[in-house]
Protein chains: 2
Amino acid sequence: MTMPLPAGSTIGIIGGGQLARMLALAAARLGFKTAVLEPQENCPAAQVANVHIQTAYDDKEGLEKLSQLSDVITYEFENIDVSALEKLSSDIDVYPSAQALRISQDRLVEKTFLQKSGLNTAPYRDIDNAQTLESALQEFGERGILKTRRFGYDGKGQIRFSGKPDDMLPAEAIEAFEGAPAILEGFVEFTCEISVIASRGQDGNVSCFEPAENIHKNGILFSSTVPSSVSEATKQNAIDEATRLIQALDYVGTLGLEFFVMPDGSLIANEFAPRVHNSGHWTEAACSVSQFEQHIRCCIGWPLAKQHRHSDCVMENLLGHDIEKLVTLAGDPNIVLHNYGKAEAREGRKMGHFTQLATRK
Amino acid sequence: MTMPLPAGSTIGIIGGGQLARMLALAAARLGFKTAVLEPQENCPAAQVANVHIQTAYDDKEGLEKLSQLSDVITYEFENIDVSALEKLSSDIDVYPSAQALRISQDRLVEKTFLQKSGLNTAPYRDIDNAQTLESALQEFGERGILKTRRFGYDGKGQIRFSGKPDDMLPAEAIEAFEGAPAILEGFVEFTCEISVIASRGQDGNVSCFEPAENIHKNGILFSSTVPSSVSEATKQNAIDEATRLIQALDYVGTLGLEFFVMPDGSLIANEFAPRVHNSGHWTEAACSVSQFEQHIRCCIGWPLAKQHRHSDCVMENLLGHDIEKLVTLAGDPNIVLHNYGKAEAREGRKMGHFTQLATRK
């Protein structure tokens with residue numbers, strides 16, 4: 001248990017996208033400075049951070065400079081070199097730990113860890129080659145999703161098998177993955193998807209936001225609705241499982257844990273992200289404290305806030321040119337807006353989001 | 001009626017204190033950039049703004065640079081040279097207008113304008129010299145407050161007369177003011193003080209937050225409580241009067257209007273500030289939209305949000321070394337914090353604030 005960092009200390013953030021931007025804004029409100037490391041010029045976070053180190057994420061000099069300028073280091077995305085993070089950790093506190101990052105980076109390791117921590121997962125098989133894929137498919141009734149073990153996000157790096165004639169042949173799929181290690185996940189016939197945003201402070205206390213119900217389109221989060229449609233028992237179960245995971249990871253910071261909800265209300269843990277999470281953006285609009293502030297509190301050694309949610313809400317992402325709706329949305333009295341300050345509205349790119357609060361009298 | 005500014009546009013802010021800082025944070029959330037003009041290095045707003053022009057507030061080159069970098073200009077304090085602002089206004093939209101600024105800068109002009117707009121004020125007299133002061137005191141029963149007409153804030157530049165032997169002599173008071181133009185205000189035996197934060201968009205629509213009840217200590221705001229203890233009729237009356245004032249000023253932006261509440265519930269307008277206001281900081285914690293976002297919306301030509309307040313609350317300022325309480329306050333589940341990032345905790349200096357939300361189950 002370290003002492004809280006004094007106000008005015010600097011939080012180093014690896015990555016300069018919208019998550020880092022929202023972390024930087026939350027840090028500023030609490031009187032803390034931020035330094036972001038991000039190769040892209042004028043990235044969302046650099047626009048609001050105190051310092052921008054413009055180098056590649058794994059650039060040694062850049063990371064060293066970040067370490068020198070910062071009093072604690074965190075990151076906004078999980079595709080970071082673990083060994084670089086481990087090296088950083090010998091000089092400065094890094095939250096979440098390199099260990100949590102390592103687990104989250106590999107679907108096989110992650111699923112194994114989830115199971116070991118007492119959470120249910122979809123059935124999965126380690127896939128090395130066309131033969132192991134073929135036999136795993138056979139086991140799963142020719143249906144399942146082949147996923148790269150590493151570096152997949154937003155539905156990228158996935159091949160679906162639905163047991164129909166137009167499925168790829170196993171050998172084709174292995175070839176398409178160019179030898180990348182993969183797992184086959186069995187299909188899960190779920191009713192809906194929910195996620196829990198959990199935070200754990202340096203004192204070991206845990207605080208979870210209630211589950212949001214998520215809808216994905218084309219593998220990208222489309223909306224998060226709170227309260228979700230699931231039963232109170234399922235909500236509590238999801239919070240208990242997120243608590244179990246975050247403790248098992250000996251985690252400091254905020255994470256997002258996604259679940260599939262089965263027809264009987266039971267939960268299948270899908271994956272976790274060792275960072276603030278898109279499905280937690282609603283907290284900024286509908287709660288007394290946001291996931292971003294909770295994460296910052298963890299980093300600076302403050303106690304977690306026990307948040308309350310003051311409104312029902314639906315958060316929707318604004319992708320690509322959807323961002324142009326912003327001014328129209330601004331006229332709605334119950335909408336809270338967030339624009340990430342990205343110059344170019346490429347298709348599918350996360351440009352901003354809005355949270356519609358339930359209408360009040 | 002101009003078109004809304006496109007996202008990514010830059011809002012120039014004269015002044016780099018905590019109000020500018022909170023404006024910059026609100027602008028960032030909406031995807032807008034900020035440039036602040038402020039002589040002080042590493043000022044609160046420069047830490048979060050995109051550009052810091054470090055010159056005196058009335059520096060011609062600095063203001064010109066601000067005008068060139070910005071798409072609209074606003075300011076965070078009222079002690080700005082009106083003629084400099086008028087000059088700026090010929091090149092770029094400035095909100096609130098130089099006219100509103102001019103009225104607010106002179107207590108005599110301000111009180112006259114308030115009365116002309118149909119608001120009641122305390123009795124007042126223009127004071128030129130010891131003789132006019134003496135006769136005004138006589139008229140007011142030897143009691144009243146002598147105030148400089150210009151450049152007073154947080155209780156500075158005021159001399160009280162209470163009709164007792166240890167009062168200053170009129171000649172002494174005039175000497176203490178070193179010839180500064182002044183007014184004498186009659187005492188008002190009020191029950192409590194309230195303020196209304198009102199915003200008016202470029203479309204002429206007005207939105208007011210409900211009145212906060214304010215307590216001052218040593219002439220500095222100590223706390224704002226919402227809801228206030230006044231009757232519904234008095235609340236509505238305060239909102240109606242703020243609406244009348246903001247329309248009479250043909251104002252664009254957010255202002256704070258302070259009232260004394262009399263024992264019969266009637267209102268005496270005290271003064272208005274042509275900017276976001278300390279007594280409106282609670283809006284950031286207890287409402288779906290803050291006074292800062294409302295002001296930014298006015299500047300960028302967006303519609304105002306029709307806010308709702310989701311919690312009862314009390315905002316308290318953290319002055320000087322009070323800021324050290326922040327970490328302790330952080331442990332309270334119902335407290336929302338704000339630290340302005342000032343390096344030195346000088347006595348009486350506004351370092352931050354916190355808003356205690358009413359406890360939820």
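This is a predicted model: local features need pLDDT of at least 70, side-chain atom pairs count only at pLDDT 80 or more; totals for chains, interfaces and linings use all residues.
Student: Where does B:Asn317 sit in chain B?

Tutor: B:Asn317 belongs to strand E15, residues 313–319 of chain B.

Student: Is B:Asn317 buried or exposed?

Tutor: The cut-off for buried is under 20% relative accessible area. B:Asn317 has 3%, so B:Asn317 is buried. Its side chain also makes a polar contact, at 2.8 Å, with the side chain of B:Asn278.

Student: Now a residue in a loop. Where is B:Asp167?

Tutor: B:Asp167 is in the loop of chain B that runs between strand E7 (158–162) and helix H7 (170–176). B:Asp167 counts as buried because its relative accessibility is 18%, and the limit is under 20%.

Student: What does B:Asp167 touch, not counting residues up to four places away in sequence?

Tutor: With those residues left out, B:Asp167 touches B:Glu142, B:Arg160, B:Phe161 and B:Ser162. The side chain of B:Asp167 also reaches the backbone nitrogen of B:Gly163, at 2.7 Å. As for distance in sequence and in space, B:Asp167 and B:Arg143 are 24 residues apart in sequence, and their C-alpha atoms are 9.5 Å apart.

Student: What describes two packed helices?

Tutor: The general idea is to give the angle between the axes and the distance between them. In chain A, the axes of helix H1 (residues 18–29) and helix H10 (residues 291–300) come within 8 Å and cross at roughly 70°. H1(A) and H10(A) are therefore roughly perpendicular to each other. Their crossing is right-handed.

Student: Which residues of H1(A) and H10(A) meet?

Tutor: From H1(A), A:Leu19, A:Met22, A:Leu23, A:Ala26, A:Ala27 and A:Arg29 meet A:Phe292, A:Glu293, A:His295 and A:Ile296 of H10(A). By class, this contact has 7 nonpolar, 1 polar and 2 charged residues.

Note on methods. Residues are numbered from 1 along each chain as its sequence is written. Chains are lettered from A and ligands numbered from 1 in the order in which they are written. Side-chain values use heavy atoms; hydrogens and water are left out. Helices (H or I, at least four residues) and strands (E, at least two) are DSSP runs, numbered from the N terminus. Buried means under 20% relative accessible area, exposed over 50%, partly exposed in between (1.4 Å probe, protein chains only). Contact means heavy atoms within 4.5 Å. A polar contact is a pair of N or O atoms within 3.5 Å; within protein, one must be able to donate a hydrogen and the other to accept it, and residues adjacent in sequence count only if both atoms are side-chain atoms. Axes are lines fitted to C-alpha atoms, for helices over the stretch in contact, and angles run from 0 to 180 degrees between N-to-C directions. Angles under 35 degrees count as roughly parallel, over 145 as roughly antiparallel, 65 to 115 as roughly perpendicular and the rest as oblique. A crossing is left-handed if the near helix is turned anticlockwise from the far one by less than a right angle, and right-handed if clockwise. Ala, Val, Leu, Ile, Met, Phe, Trp, Tyr, Cys and Pro count as nonpolar, Asp, Glu, Lys and Arg as charged, and the others, Gly among them, as polar.
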